[in-house]
Amino acid sequence: MKIVVIGGSGLIGSRLVALLGQQGHDTVAASPRTGVDTLTGAGVAEALDGADVVVDVSNSPSFEETAVLTFFETSTRTLLEAEAKAGVRHHVALSIVGADRIRDSGYMRAKVAQEALIAGADIPWTVVRATQFFEFVPAIVESAVAGDEVRLPPALIQPIAADDVVTALAEIAAGAPVDGIVELAGPQRLRLDELGRQTLTAAGDPRPVVTDPQGRYFGALLAEQSLVPLGDAARTGGTRLAQWRAR
């Protein structure tokens, strides 16, 4: 199949392009770096010509509330319109577990808006909601710095290795659309404050992590299960945190 990866130069996209290529697919890495801009529409029609599947793993360059909403809405509309003209048979988009439960986050609201556009279009679709990547945990910790300490809530988190997300995305892209949401999570549940302590210890960072129920996740207040799948339907990656760190 011809599979176009939007955001194909990023952490997930570049690995997905490589894996799909190894699996024998005709794969296109589409991003502003390769001349494809989903905000202006430049290069989009050419990239999608003859495509069977589009996988959107792109991200907004700005996380400011208005900018991120504009990015995901504009980019998604551009893609869906171009896909309809090109005869694309499956639109896959990467989203976030709990996006619809963290309502005071502008970023999460933007992802929910993106999902709604996809679900309301005529292109068969699959939204893949993943938990936070292991690779992203240090940024979560740094976002919670207050003075000389880190303040994190004891909310549950079930992080996953980026490579496990890539493996699942490749399988889903090559499969039939589900016209619904697939959730992905790592194999272990931890408390966010404890994960922060482990992360700083592993990095040799002496800063203390204070357990704070009012601590924020990029400005958003978390309930205990805001970041984890509800129920038992989520797919789980096979890489445990200790294995990932050992690599």
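Strand β4 (residues 90–96), helix α4 (residues 106–120) and strand β5 (residues 125–130) of this predicted model make a right-handed β-α-β unit. A crossover counts as right-handed if, with the strands pointing away from the viewer, the path from the first strand over the helix to the second runs clockwise. Helices (H or I, at least four residues) and strands (E, at least two) are DSSP runs, numbered from the N terminus. Residues are numbered from 1 along each chain as its sequence is written, and side-chain values use heavy atoms, with hydrogens and water left out.

Strand β4 is mostly covered, seven of its seven residues being buried. Buried here denotes under 20% relative accessible area, exposed over 50%, and partly exposed the range in between (1.4 Å probe, protein chains only). His-90, Val-92, Leu-94 and Ile-96 point one way from β4, whereas His-91, Ala-93 and Ser-95 point the other way. Strand β4 is joined to β3 (residues 53–56) by four bridges, and these two strands run parallel; two strands are taken to pair if DSSP finds at least two bridges between them. The bridge partner of Val-55 in β4 is Val-92. Six bridges join β4 to β5, again in parallel, and Ala-93 has Val-127 as its bridge partner in β5.

These strands belong to an open sheet of seven strands in the order β2-β1-β3-β4-β5-β9-β14, with parallel pairing. The edge strands are β2 (26–30) and β14 (235–236), each of which pairs on one side only. Strand β14 is joined by two bridges to β9 (residues 180–185), and the two run parallel; Ala-185 stands opposite Thr-236 in β14.

Helix α3 lies across β1 (2–6), β3 and β4, and runs at about 165 degrees to β4. Helix α4 also packs on the sheet, where it touches β3, β4, β5 and β9, and its direction makes about 160 degrees with that of β4. Axes are lines fitted to C-alpha atoms, for helices over the stretch in contact, and angles run from 0 to 180 degrees between N-to-C directions. Contact means heavy atoms within 4.5 Å.

Two packed helices are described by the angle between their axes and the distance between the axes. Helices α3 and α4 pack at an angle of about 15 degrees, with their axes 8 Å apart. The two helices are therefore roughly parallel to each other, given that angles under 35 degrees count as roughly parallel, over 145 as roughly antiparallel, 65 to 115 as roughly perpendicular and the rest as oblique. The contact involves residues of α3 including Val-68, Leu-69, Phe-72 and Leu-80, and residues of α4 including Tyr-107, Ala-110, Leu-117 and Ile-118. Helix α3 passes α4 in a right-handed crossing; a crossing is right-handed if the near helix is turned clockwise from the far one by less than a right angle, and left-handed if anticlockwise.

The axes of helix α1 (residues 11–22) and helix α6 (residues 162–174) come within 9 Å and cross at roughly 50 degrees, which makes α1 oblique to α6. This crossing of α1 and α6 is right-handed. Among the residues making the contact are Leu-11, Ile-12 and Leu-16 of α1 and Val-165, Val-166 and Leu-169 of α6.

A further open sheet consists of three strands in the order β6-β7-β11, with mixed pairing. Its edge strands, β6 (145–146) and β11 (209–211), each pair on one side only. Three bridges join β7 (residues 149–152) to β11, and these strands run parallel, with Val-150 opposite Val-209 in β11. Helix α7 (residues 192–202) lies across β7 and β11 and runs at about 170 degrees to β11.

Thr-78 lies in helix α3 and is buried, with a relative accessible area of 17%. Apart from residues up to four places away in sequence, Thr-78 touches Thr-38, Gly-41 and Val-44. Gly-35, in the loop between β2 and α2 (44–48), is partly exposed, with a relative accessible area of 47%.

Key
This is a predicted model: local features need pLDDT of at least 70, side-chain atom pairs count only at pLDDT 80 or more; totals for chains, interfaces and linings use all residues.
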